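Dear colleague,

I am passing a structure on to you, and I would be glad if you could look through it alongside the notes below.

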Amino acid sequence: MSTLSIGDLQARFGSENVEFFAGPGQLTALRIKNDFGTVEMTLHGAHVMSYCPAGAVPVLWMSSKSMFQANEPIRGGIPVCWPWFGPDPAGKFGGHGFARVSVWSVSSVSKSPDGQNTVTLVLTEKDVDAKFDPQPFKLELSVTLGSALTVALKVYNSGTDNLAYSGALHSYFNVADSAAIQVEGLADCEYSDKVLNVESVQSGAVVIDREIDRVYRRTSGIVRVVDPVFGRVIRIAKSGSTSTVVWNPWIEKSQRMPDFGDEEYHTMVCVEAANAPGAAADDRVLSPGAMAEIRQMITLE
């Protein structure tokens, strides 16, 4: 867990492009700003809160009702779901794991010759609440702001037993009107519909006209969120991920979630690079000393 003050972090890691500050709820946050745009994230959860390419409308969405509190997840941006995606397999804790509610430490800050900036945060079992009783591990989340926003999560098994896990980069995208968008790139893919509890195959583009919660299996290609109102396309490429999740809570579920505004489903869609339970489980078992990476690259077309 990071114990450095904001002043200490700025002195050690700050630069003309990287600034540390007190974010929402007084959570320690950092801002990357360069010619390509701006990114803001918190050490709480290694959570990317915002991404604004230079001169563009924000690409990521954040709920106005999000709880910026210790031990609570942040609603919006890019939560890191790990070491489980969805319900806790042991049935002891809440959904999506402990990485998103733990405080990470800054590992490094760098700048490439072409002007890209990268910040890397790290989390180990020593930084996690003891109630989770985690196996030995190390996570590294690297965020690079260049012509694309690249978010890469590396998982290391630092123990002596196999490490089984699932997870996701649970990205929330900002759209003008969710009912007007199309999500392309998943046609003919098999998916599990978590709302209707059925298996199906995608026909054409995904449209948002009701609650959507789908896990698309064996997906590795580029997904495009076509937004005719904003007049733009969000291009989402990935690697190290065997499934893609598309989610919008629509009306009733929005009203049931305390950290989600009743009408906010109109302005968001989640397209997540995931390794979901039940999809290529062998890819999510790390032997001692092994490493795996899941990576998402977000650009505007």
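Which residue forms a salt bridge with Glu 16? That partner is Lys 111, and the closest N and O atoms of the two are 3.4 Å apart, where a salt bridge is a side-chain nitrogen of Lys or Arg within 4 Å of a carboxyl oxygen of Asp or Glu. The pair links distant parts of the chain, since Lys 111 is in strand E6 (residues 105-111) and Glu 16 is in the loop between helix H1 (6-13) and strand E1 (18-22), 95 residues apart; helices (H or I, at least four residues) and strands (E, at least two) are DSSP runs, numbered from the N terminus.

Please keep in mind that this is a predicted model, in which local features need pLDDT of at least 70 and side-chain atom pairs count only at pLDDT 80 or more, while totals for chains, interfaces and linings use all residues. Residues are numbered from 1 along each chain as its sequence is written, and side-chain values use heavy atoms, with hydrogens and water left out.

Across the whole structure, the search finds twelve salt bridges. Another of them joins Glu 190 to Arg 218, with the closest N and O atoms 2.4 Å apart. Glu 190 lies in strand E14 (residues 190-193) and Arg 218 in the loop between strands E16 (212-217) and E17 (223-227), so this pair ties together parts that are 28 residues apart in sequence.

Arg 214 and Asp 193 also meet in a salt bridge, at 3.9 Å from N to O. Finally, a network of salt bridges links Glu 184, Arg 224, Arg 235 and Glu 301.
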